[in-house]
Amino acid sequence: MDGRVVSGDDARMDVGFFVTCLTDTFFPRVGEAAVRVLRHFGCRVHFPPQQTCCGQPAYNSGFHEHAAALLRRMPKAFASCEFVVTPSASCAAMIKEHGPQLAGVQADEVRRLAAKTWEFCTFLRDRLHVNIAACLKPREPVTFHYPCHARGIYEVTDLREWLGRLDVRPPPRTDLCCGFGGLFAVDFPELSGRMLDDKLEMLAASGARLVICNEAACTLQMAGGAHRRGLPLRFRHLAELLAESLELMEGEA
Amino acid sequence: MSRRSDLRQRVAQATRNERVLQAVHLATWRKVDAREQSFAALRHAGALREKAARLRRHTLENLPAYLAQFVERATALGATVHFAPDGPAACRIITQLAADRGLRLAVKSKSMTSEEVGLNAALEAIGVRVVETDLGEFIVQIDRDRPSHIITPIIHKDRREVADAMARELGCPRTEDPAELTRIARGYLRDIFRRCDLGITGVNFAVAETGTLCLCTNEGNGRMTITRPRVHVALLGIEKIIPRLADLPVFLKLLARSSTGQPMGVYTTLINGPRRPQDPDGPQELHIVLLDNGRSAILKSPLREVLTCVRCGACLNACPAYRNVGGHAYGSVYPGPIGSVVTPLLYGPACDDLARLSSLCGACRVACPVQIDIPALLVALRARAADRQPVGKRLLLRIWRHVMEHPWLYRLGQTVLRCVLRGAEDGWVRSGQGPLRNWTLVRDLPRPARESFRRMWEARLRDER
């Protein structure tokens, strides 16, 4: 059972895949998984090679001129795509929520891009009508991290619903920040590290060792923190779990 | 007030103070839980917050008119209204009042605005003794400390420290029992209340329609402060105005729930002028000092939303950064998320870096009873100060932008990064150089993937199926 509900007009959508710079560089397996899942559900996936970064790091740290310069490139890079799908909710939020208000961009252009940009899981659910929970094969207990910047894109309750059939061990304080925060992580490393300690304590307290985290930046922070502290936590994007459950990808050792 | 290197250092130091952070963790989590529980039990909580936010915005948009109305009504009730353009002016007005009347002993109910203008020091400079009567503020005062939270001034202290301070300063037998400590403080303050001649309070809400001052407290000290002395001075920022008495319940329902999780504060006091002939008690004179201190300028700025704040402290309790540095590291009267917006606006660009002391996680926005988008305000402040960031950081960001604008450079950058970040056998970098030094101070960095996604795409993914 793959939980798929096909309606006529949803078949063969043209999807531009926005991999995001961090996923591209550090976690290509997440991109691979997402592409295979999208194809499995009938999308034609394109990867416009002009894409780089949406400008989010510059935006959050107040360098809005740089952010605008990078965001300006995005509508062009994805001009030919009907949809833009990204495995990062924070990059989706950058385009959809902050982008249109940014000085130095063509607001109309960015608004059009915003309207066709989707975070991966919400695209599966709302556009492809995939029952994500039904696709996942139960395996070891999982816990999860809710990325703060997903607020407005999807909520903790959505994430819980997607993980529905798995043996989910929610961490205490489910929406606690991991302490990354972009340049904040290197501007105030000691503080970022303490926030990370708190987060890892919650994840460890869940009892599960597999952490579902749909945000490359948070994974970079938490996996790096877990490794430094010798904690046996592993981090996976939901796309990877989906691809493995649908047998589109080998499970990772 | 907070220079850049100072801030970084203060923060680093604060993160090592285990005793303080343990106290702050315990207290903030307890308050987060209490707030969430009380809001879960409140019907139409979302609509109420929406209404409160709308009312606050409406008031600010029409502030001059509401202020004029408030002044007129309060004066009609017999109060004297003063206007202080800045902090020193507020101190001058109040010290003059005290000097003219020969007042010598002032009792104070908790007031952040008085902290903002440094009122205690100004009064003591002319020989008026000032005694804080809120238990937390009292302990801060006898311990010569500073408040580290706008609602819970001694959130950074544990029971032991309080016991030490009380025994040392009051000469009482040392005890760590909170009830006993409270009893001792109450006994001490009773005597002060008997002798005081000036009462100073802040104000939670000032009602334009009726000239009423509303005071929300939990300990009863507020009522003693306004009834015992012969003169009552109420100090408030001009943004504390609300239009009508009927609006008050909206805010009362939200304020205590957001602060402490109580459905309502223990004492809600409505003050309508000084003592009238038929009244059994109350002050002979009521002076209301309306403080601007930069608020009019904020009102004209794009960041005016910050003035809708009701000072409930929910954002401090919710903030994971506050929880891990405590209030003193902010170096400001107003710490935490809202403080990081207010402080640079009140004290100027030297404090702009406070806006960077946040991961922008948005827990503050979720907690705020009047729906202030604090992360957006922090980002706006960061933007205002971007040109004043260290030259090295600005250069790095410029290079980064240039790389990201050119896909071939970006691609090359990925390769270079992979070569530079060799890491250990297991693929993890433990001690980074240059800009990565601060990263690996507290966490490892995975080595960039051997094959980036775009290379994988070109090599095989594109042609699959």
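Let me begin with a definition: two strands are taken to pair if DSSP finds at least two bridges between them. With that in hand, and keeping in mind that what we are looking at is a predicted model, we can turn to chain B, where strand 4, residues 198-201, and strand 7 pair in the parallel sense over four bridges. Within that pairing, the bridge partner of B:Gly199 is B:His232 in strand 7 of chain B.

Strand 7 of chain B also has another parallel partner, in that seven bridges join it to strand 10, residues 285-291, of chain B, and there B:Leu236 of strand 7 has B:Leu290 of strand 10 as its bridge partner. Is strand 7 of chain B, residues 231-237, enclosed by the rest of the structure, or left open? Seven of its seven residues are buried, so strand 7 of chain B is largely enclosed by the rest of the structure. If you follow the side chains along strand 7 of chain B, B:Val231, B:Val233, B:Leu235 and B:Gly237 point one way, while B:His232, B:Ala234 and B:Leu236 point the other way, and all of these are buried.

Strand 6 of chain B, residues 212-217, is joined to strand 9 of chain B by five bridges, and the two run antiparallel; here B:Leu215 stands opposite B:Thr269 in strand 9 of chain B, and B:Cys214 has B:Leu270 in strand 9 of chain B as its bridge partner. Strand 5 of chain B, residues 205-207, likewise runs antiparallel to strand 6 of chain B, with three bridges joining them, and B:Ala206 stands opposite B:Leu213 in strand 6 of chain B. The hairpin of strand 5 and strand 6 of chain B has four residues between the strands, and in this hairpin B:Gly211 takes a positive phi near 75°.

As for burial, six of the six residues of strand 6 of chain B are buried, so this strand is largely enclosed by the rest of the structure. B:Thr212, B:Cys214 and B:Cys216 point one way from strand 6 of chain B, whereas B:Leu213, B:Leu215 and B:Thr217 point the other way.

Next, a helix pair. Two packed helices are described by the angle between their axes and the distance between the axes. Helix 16 of chain B, residues 336-347, packs against helix 18 of chain B at an angle of about 35°, with the axes 10 Å apart, and the crossing of these two helices of chain B is left-handed. Which residues meet there? From helix 16 of chain B we have B:Pro337, B:Ile338, B:Ser340, B:Val341 and B:Pro344, and these meet B:Ile374, B:Leu377, B:Leu378 and B:Leu381 in helix 18 of chain B. By class, the residues of this contact divide into eight nonpolar, one polar and no charged.

The domain assignment of chain B gives domain 1 (1-41 + 297-389), domain 2 (62-293) and domain 3 (399-463), and the C-alpha centres of domain 1 and domain 3 of chain B are separated by 33 Å.

Let me now turn to chain A, for which the assignment gives domain 1 (8-126) and domain 2 (136-245), their C-alpha centres lying 22 Å apart. Between them, 25 residues of domain 1 of chain A are in contact with 21 residues of domain 2 of chain A. On the domain 1 side of chain A, the largest share, six residues, comes from helix 2 of chain A, and that side divides into 14 nonpolar, seven polar and four charged residues.

Chain A has an open sheet of four strands in the order 2-1-3-4, with parallel pairing. Strand 2 (44-46) and strand 4 (117-119) of chain A stand at the edges with a single partner strand each, so one side of each is left without a neighbour in the sheet. Neighbouring strands of this sheet are turned by 35° against each other on average, direction ignored. Strand 3 of chain A, residues 83-86, and strand 4 of chain A pair in the parallel sense over three bridges, with A:Val84 standing opposite A:Thr117 in strand 4 of chain A.

Finally, the two chains together: 50 residues of chain B are in contact with 52 residues of chain A. The side of chain B that touches chain A has 31 nonpolar, eight polar and eleven charged residues.

How values were computed. Residues numbered from 1 in each chain as written. Chains lettered and ligands numbered in written order. Predicted model: local features only at pLDDT ≥ 70, side-chain atom pairs only at ≥ 80, totals over all residues. Contact = placed C-beta atoms within 7 Å. Nonpolar A, V, L, I, M, F, W, Y, C, P; charged D, E, K, R; others polar. Axes fitted to C-alpha atoms, helices over the stretch in contact; angles between N-to-C directions. Left-handed = near helix turned anticlockwise from the far one by under 90°. Buried ≥ 20, exposed ≤ 12 C-beta atoms within 10 Å, placed from the backbone. Domains from an automatic or database assignment.
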